[in-house]
Amino acid sequence: MDDFLRAEYNELIGMYMDEADLYERAYEIMGRLLDPNIGQKILNRFKTQNIYIYGGGYIGIQLYKTLKNQLDITVVDKSGNLKYPIDGVKIVNVDLMRKDYVNEKVIITPINYLDEIYEELIKFVPLDNIIIIGELIDL
């Protein structure tokens, strides 16, 4: 294999491994959210009744299901939709969140777009109100 092909191959393998690591972490998080005690641990950390869950994908939906009976939750997604619709979920896009945001905690659930979402949120959400799902689950 020549050097050019080897470099291309290594780059592809690296990209695949990064993506595989993200999927592994996502499944780990979803599994932790199935723990019947995780909801209470999360509630103990927040000391609030209103939160935003940023991300309407699998992890965001699982987190919503874990906390829906204990907190007033609004789900935020760029598209304004959930990956799988659930009756009764308040879902807004980022522009509506920005307009209505007061001082609630925001949990970022999409681990593959974390940097982009974080950069967007720090424009109007205080830093101590932004929580990354991985940090929350590792309580």
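I began with strand S1 (residues 50-54) and found it joined to strand S4 (residues 105-108) by four bridges, the two running parallel. I took strands as DSSP runs of E of at least two residues and helices as runs of H or I of at least four, numbered from the N terminus. I counted two strands as paired if DSSP finds at least two bridges between them. Within this pair, I noted Ile108 of S4 as the bridge partner of Tyr54.

The model is predicted, so I kept local features to pLDDT of at least 70 and side-chain atom pairs to pLDDT 80 or more, while totals for chains, interfaces and linings use all residues. Residues are numbered from 1 along each chain as its sequence is written, and side-chain values use heavy atoms, with hydrogens and water left out.

**Sheet**

I then followed S4 to strand S5 (residues 130-132), where three bridges pair the two in the parallel sense. Val106 stands opposite Ile130 of S5. I recorded a right-handed β-α-β unit made of S4, helix H5 (residues 114-121) and S5. Right-handed here means that, with the strands pointing away from the viewer, the path from the first strand over the helix to the second runs clockwise.

Asn50 has Asp72 as its bridge partner in S2.

I wrote down the whole order as S3-S2-S1-S4-S5, an open sheet of five strands with parallel pairing. Strand S3 (90-92) and S5 are the edge strands, each pairing on one side only. From one strand to the next, the twist averages 25°.

**Helix H3**

H3 packs on this sheet and touches S1, S2 and S4, its direction making about 160° with that of S1. Contact means heavy atoms within 4.5 Å; axes are lines fitted to C-alpha atoms, for helices over the stretch in contact, with angles from 0 to 180 degrees between N-to-C directions.

Among the buried residues are Ile59, Leu63 and Leu67.

**Asp77**

I placed Asp77 in the loop between S2 and S3. Asp77 counts as buried because its relative accessibility is 17%. Its side chain reaches the backbone nitrogen of Gly56 at 2.8 Å. Leaving out residues up to four places away in sequence, Asp77 touches Gly55, Gly56, Ile91, Val92, Asn93 and Val94.

Terms used. Buried < 20%, exposed > 50% of the residue type's maximum accessible area, 1.4 Å probe, protein only. Polar contact = N/O pair within 3.5 Å; in protein donor to acceptor, adjacent residues only side chain to side chain.
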